[in-house]
Amino acid sequence: MTEYQAIFMADELKIYNTLSGEKEVFKPLVEGRIGMYVCGPTVYSDVHLGNCRTFVSFDVVYRYLLYKGYKVRYVRNITDVGHLEGDTDIGAEDKISKKARLEQLEPMEIAQKYTLGFHQMMDIFNTLPPSIEPRATGHIIEQIEMVKAIIDNGYGYEVDGSVYFDTIKFAKEKKVYGQLSGRKLDDLMAETRELKKQDEKRHPSDFAIWIKADPTHLMRWSSPWSVGFPGWHLECSAMSTRYLGKNFDIHGGGGDLKFPHHENEVAQNYGACDCAPANYWMHGNMLLMNGKKMSKSDGNTITPNQLFTGNSPHISKGYSPMSIRFFMLQSHYRSTLDLTDEALQAAEKGYRRLMEGYQNLLALTSDVKTGDQQLNQDLRASMDKVFENLDDDFNTPKALANLFEMVSVVNSIKNAQIDAKKLQSDTLEKMKAVFNDVIFDVFGLKDEKTEGADGDDLSSELMDLIIQLRQQAREEKNWAMADTIRDSLKKTGIVIKDGKEGTSWSLQ
Ligand code: AMP
Ligand code: ZN
């Protein structure tokens, strides 16, 4: 822990709680410890950038909680069963089962393939792995036990091997149904859906917690009711209870999950143990592309790889993973974020400016004890504001703006527009620590130029060596060799650029 971390750790953290619709002072159930559950991906296809935005948002939340000194158990699940086409609860095909049928693979091959792809992408975006990453298929027993408890408590009923949650009975008795998503009981009563199997339900707003499998259905388990599989919402109730307890601190996910997924999760937990699962519900807002929600179903989507390579009609060129992470940090997690080519270009510039500012800061030295009062005060105020903004519901865009206030001063000192003697040594040391902590530990950025895009020092050293050899070839006018090196690197996805200050490289 750095000296400055200790000072900021003690400050109050406010979190916007979807349950109350207000920012609340965060109080963990157990002093110094936090249990946090975030809904993970459904692993039936490549993650798109919208998914990544949500996971990067919660990565910053996780990192900041760690930075504040909490011991955090971060659980993020893998959904590998139960999530049906159209996000309905019954009467449609399981997304993973369907993909397995179409590709003639085992469902677990599908889940494995896309889980690995997801992990790779999370790594590229430099997100920390969760403490536990449970799979829905690995927790069928817990889910069956939960269905039993819900039935025993009178909130579940069986019809022909499937089990449904009685929403109307629950809503009338517990008065919490609809609290999270803002749905009213009257709206639920009026709800109708013309889908297969809806007639088994006592009411259309009831939802399946156990589903009897059709004879052709690939994923199936024995249960007291039928050979079948769990409903989508059930896994998160069962796994959060298993690893974080019946009542825990934070539950997160994308805002599109508020209803029905999270509302039904709350109902299931109450139904099984008569208690609220999480005290704070956090929802990230959607990533848009050119003003419309990014979604696979209407083709308005871009994969991270397309963004890195520039291979998409939506963008004019490729962008590096850290420019994209910076782009995400530039908006608050509760605001929508619109992906456009212009916005990405601006983010790329902003990211470079921040990294260069940091390098300029590191290069400054000072042995001044008493400098310019106003200047040093302003810099200290900017540093305090960084943490005040992060404590204010993780306001990354405002905290970034505070860093840029300081970057301007640093650059001016470097360019001798501000006299270096005005900067005190203690202010400078503190700034170096704050920048390092916030940029790398909290924002999770990496300096792609100095570290190599994957943060691997060895590959960075190897790249330096290759660039040096190419430079030697150029000096010897061996253009063929210099071009071969450049073209071979390009084939492996590495682009080198010759500029005034020498040769640099980046991933395509
Ligand atoms: P899924 O794989 O569909 O279960 O979604 C995984 C996560 O990505 C969930 O938390 C969703 O809320 C989130 N998500 C899906 N689409 C978007 C989007 N366009 N922007 C932000 N998050 C999204
Ligand atoms: Zn979930």
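## A bridge between two loops: Asp393 and Arg334

In this predicted model, Asp393 and Arg334 are joined through their side chains by a salt bridge with an N to O distance of 2.8 Å. Because Asp393 sits in the loop between helix H13 (373–391) and helix H14 (396–414), while Arg334 belongs to the loop between helix H11 (321–329) and strand S13 (337–339), the pair ties together parts that are 59 residues apart in sequence.

The two partners can also be described by their accessibility: Asp393 is buried, at 0% relative accessibility, whereas Arg334, at 28%, counts as partly exposed.

## Asp80 and Arg135

A salt bridge also links Asp80 with Arg135, where the closest N and O atoms are 3.4 Å apart. Asp80 is placed in the loop between strand S4 (71–76) and helix H3 (95–103), and Arg135 in the loop between helix H4 (107–124) and helix H5 (140–152), so that parts lying 55 residues apart in sequence are tied together by this pair.

Here Asp80 is buried, with 0% relative accessibility, and Arg135 is partly exposed, its relative accessible area being 25%.

## A bridge between helices, and a network

Arg380 and Asp426 form a salt bridge in which the closest N and O atoms are 3.2 Å apart. Since Arg380 lies in helix H13 and Asp426 in helix H15 (residues 425–442), the pair ties together parts that are 46 residues apart in sequence. Arg380 is partly exposed at 27% relative accessible area, and Asp426 is likewise classed as partly exposed, at 39%.

Elsewhere, Asp59, Arg63 and Arg325 are connected in a network of salt bridges. The count of salt bridges in the model comes to 25.

Methods. Residues numbered from 1 in each chain as written. Chains lettered and ligands numbered in written order. Predicted model: local features only at pLDDT ≥ 70, side-chain atom pairs only at ≥ 80, totals over all residues. Heavy atoms only, no water. Salt bridge = Lys/Arg side-chain N within 4 Å of Asp/Glu carboxyl O. Helix = DSSP H or I, 4+ residues; strand = E, 2+ residues; numbered from the N terminus. Buried < 20%, exposed > 50% of the residue type's maximum accessible area, 1.4 Å probe, protein only.
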